[in-house]
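Colleague: I would like to learn how to read surface patches and salt bridges. Can we take them in turn?

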Amino acid sequence: MDSARAQTVNRALMLVERRLTRPEGLVSRPWFKSLQFAADIDNGYATMAFPTVNEAIRYADAAAATRSSRIS
């Protein structure tokens, strides 16, 4: 891959990564800024993918699931 193409791909990946963060953090744990991954709220050692959505489903919280699935 040439340098110009690599820079284009890197910029695109950085934009995706930035869109998958929330400056105010997760509702349940504001110190986690990533919307992609966080420690499991019930088991601090396990990793949870898409924690807000996952927790909304786990605790049958339809309102939280709807809020967290909106793209801001």
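Modeller: Start with the patch. Patches are made of residues with over 30% relative accessible area and no salt bridge, and nonpolar side chains are joined within 5 Å. Keep in mind that this is a predicted model.

Colleague: Which residues make the nonpolar surface patch here?

Modeller: F50, V53 and I57 make a patch of about 280 Å². F50 sits in the loop between β2 (47-49) and α2 (51-58). Its relative accessible area is 45%, so F50 is partly exposed.

Colleague: Now the charges. How many salt bridges does a search of the whole structure find?

Modeller: The general idea: side chains of opposite charge can pair when their charged atoms come close. In this structure, the search finds 4 salt bridges.

Colleague: What does R29 form a salt bridge with?

Modeller: R29 pairs with E55, the closest N and O atoms being 2.3 Å apart. The pair links distant parts of the chain, 26 residues apart: R29 is in the loop between α1 (3-19) and β1 (37-39), E55 in helix α2. R29 is buried at 5% relative accessible area, and E55 is buried at 9%.

Colleague: Where do R58 and D40 lie?

Modeller: R58 forms a salt bridge with D40, with the closest N and O atoms 3.0 Å apart. R58 lies in helix α2 and D40 in the loop between β1 and β2, so the pair ties together parts 18 residues apart in sequence. Shared partners join D40, D42 and R58 into one network of salt bridges.

Colleague: And R22 with E24: is each one buried or exposed?

Modeller: R22 is buried, at 17% relative accessible area. E24 counts as exposed, at 53%. Their closest N and O atoms are 3.7 Å apart.

Technical notes:
Residues are numbered from 1 along each chain as its sequence is written. This is a predicted model: local features need pLDDT of at least 70, side-chain atom pairs count only at pLDDT 80 or more; totals for chains, interfaces and linings use all residues. Side-chain values use heavy atoms; hydrogens and water are left out. Patches are made of residues with over 30% relative accessible area and no salt bridge: like charges are joined within 9 Å, nonpolar side chains (Val, Leu, Ile, Met, Phe, Trp, Tyr) within 5 Å. Accessible areas come from the Shrake-Rupley method with a 1.4 Å probe; for residues, only the protein chains shown count as cover. A salt bridge is a side-chain nitrogen of Lys or Arg within 4 Å of a carboxyl oxygen of Asp or Glu. Helices (H or I, at least four residues) and strands (E, at least two) are DSSP runs, numbered from the N terminus. Buried means under 20% relative accessible area, exposed over 50%, partly exposed in between (1.4 Å probe, protein chains only).
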